[in-house]
Each structure stands twice: as structure tokens, then as C-alpha cells.
Amino acid sequence: MFLDPTSWAIRKTPWGRGVFARREVPAGTVVGDYVGLVDVPRDEPVGQLYAMMLSLYRWVYPPSPRRTVGVHVINHSCAPNAGLYPFRGHVLATTIRRVFAGEELTFDYWMTKPEPGEDWHPCFCGTAQCRGSFALGSARQEELVRRLFVGPSWAGARRKIRPGETLQPLPRYPSRTRDLSAYNVFGHPRLPPVRHHAARLEHRPLRALLRESGRRVELPKLGVVVLGSHDGQLLVDARGPRRSV
Ligand SMILES: [Zn+2]
């Protein structure tokens with residue numbers, strides 16, 4: 001379900017359908033909640049919306065495709081603007097940077113590496129960061145997924161959630177979700193960058209600026225543009241500012 005359905009629209013895409021912002025939305029905005037039936041992992045019936053991982057041993061299945069369609073149709077990108085946020089035993093969808101009106105909302109699906117002969121989940125997200133597959137591309141990211149879903153930070157691990165339990169909407173949601181280091185943050189690839197007059201490349205404040213502005217960050221004193229925060233490091237275009245449309 002969407003928390004604020006007036007902020008989001010489901011539109012057709014070349015791949016099927018996706019979720020688009022109707023207005024500008026700040027970083028850390030809760031987009032929606034994966035409510036539904038908790039069960040052990042299994043293939044979804046044909047025509048069913050995608051289930052969401054709650055932990056290694058529990059998935060959440062949306063109860064009715066027509067009534068609950070929302071966060072379930074967010075598409076994959078290798079440079080996404082949204083992520084999952086553990087909260088009181090639920091999986092929330094949240095924006096990980098500012099999202100702009102008309103922009104498609106995307107997750108990194110973080111799928112496990114396929115075994116030989118299995119579908120390798122090819123990706124055509126078209127971003128500069130595309131790794132060619134929905135599967136993870138770095139040991140660090142795989143470690144972060146493990147921490148997020150099975151470690152002590154995972155709110156679902158603090159109480160027993162049994163198969164057959166139905167997750168209902170919570171009485172209260174966070175007004176803003178905090179920045180989780182598990183997520184890489186990239187500025188919008190086409191909007192003009194914001195200018196920052198720092199003379200040093202410091203990860204923490206620049207990541208905060210990427211997240212809050214939703215844009216790449218130009219540092220004129222250094223003649224570089226910071227494209228994103230990737231695997232705990234700044235991704236920098238040292239060829240200098242490039243003007244975009
Ligand atoms: Zn991709």
C-alpha cells in the first residue's frame with residue numbers, strides 16, 4: 001500500500017508498469033508498507049503481485065492484487081532512488097534521496113547471484129552504474145544485505161513473526177527515515193548538479209548533500225563533480241562539470 005497515494009502514480013512502462021512521483025518528495029519519505037500475509041518463501045501464484053522478503057525465512061504476500069497494488073510494482077535500477085527500511089517488524093519502502101516530479105521510483109532488487117544454468121536476471125536500467133543484472137555485484141553490498149535482513153538491525157528479528165500472520169497497516173510511521181549505509185546514493189543523472197564550495201572531498205557531508213538535494217554535487221574549487229556515494233566511497237567525475245539538459 002502507499003502511505004500517501006496522492007504522491008504516486010502507477011503508469012505503464014516498456015517493461016510493464018512502474019511507480020512515478022506526482023510531485024517532488026524529500027529524502028527519507030516513507031512511500032509505503034508491504035502489508036499482507038506472512039508465509040515461508042515460495043513461488044507466487046501466476047498473476048499474483050510480487051512477495052517481499054521479510055527475513056531469510058519469511059516473505060510477505062499481498063492479499064489482493066487489485067486492492068493492494070502500490071509498492072509491489074516498483075521497478076529495479078542499479079542506481080535507485082528508493083530502498084527498503086525495517087520498522088517494527090514491517091518492510092517499508094522509503095526514498096533514499098530527493099525524488100523529482102515525474103521521476104520513476106526504483107529499488108535495487110539485490111537478488112542473489114544465480115547458480116549456473118539459472119536465470120541471471122539481466123538488467124536494462126540504462127544507468128551509468130548498471131551492472132547488467134539484478135544480482136549483487138560487490139561483496140560489501142552482499143554483506144550489507146545480510147546485515148539488513150538477518151542481523152540485529154532488522155526490526156523483524158526482534159519479535160517472532162509466524163507464518164499465517166497478516167501484517168496490517170501500522171498505527172504510526174516514521175515522519176522521516178534515516179540514512180542507511182547499506183544504500184548507495186546517486187544524484188539525478190540529468191538534472192544540473194548543485195554547487196558546493198568545499199575544498200575537500202569529505203564523504204559524510206557530501207553524501208548528505210546528495211541525499212537531500214537529490215542531485216550530483218559540483219565542487220568548483222576542485223573542478224570535479226560528485227556523482228554518488230558508492231560502497232562507502234565517493235564516486236567522482238574528475239573530468240570537471242558537464243552541462244546537462
Ligand atoms: Zn541496471
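Start by selecting β15 (224-230) and β16 (233-237), which pair in the antiparallel sense over 5 bridges. Strands pair here if DSSP finds at least two bridges between them. Strands (E, at least two residues) and helices (H or I, at least four) are DSSP runs, numbered from the N terminus. Show Gly228 next, and you'll find Leu235 of β16 opposite. In the hairpin, 2 residues sit between the strands, and Asp231 takes a positive phi near 50 degrees.

A quick word on what you're looking at: this is a predicted model, where local features need pLDDT of at least 70, side-chain atom pairs count only at pLDDT 80 or more, and totals for chains, interfaces and linings use all residues. Residues are numbered from 1 along each chain as its sequence is written.

How many of the 7 residues of β15 are buried? The count is 5, so "buried" needs its cut-off: 20 or more other C-beta atoms within 10 Å of the residue's own, with C-beta atoms placed from the backbone.

Next stop: helix α3, residues 203-213. Colour its buried residues, Leu206, Arg207, Leu209, Leu210 and Arg211.

Then move to another part of the chain and select the open sheet of 3 strands, in the order β3-β9-β8 with antiparallel pairing. β3 (30-33) and β8 (82-87) are the edge strands; each has a single partner, so one side of each is left without a neighbour in the sheet. On average, neighbouring strands here are turned by 30 degrees against each other, direction ignored, using axes that are lines fitted to C-alpha atoms. β3 and β9 (residues 90-95) share 3 bridges, and Gly32 stands opposite Ala93.

Finally, zoom out. The protein chain has 3 helices and 16 strands, and buried residues make up 34% of its 245 residues.

Terms used: A residue is buried if 20 or more other C-beta atoms lie within 10 Å of its own, exposed if 12 or fewer, and partly exposed in between; C-beta atoms are placed from the backbone. Axes are lines fitted to C-alpha atoms, for helices over the stretch in contact, and angles run from 0 to 180 degrees between N-to-C directions. Two residues are in contact if their C-beta atoms, placed from the backbone, lie within 7 Å.
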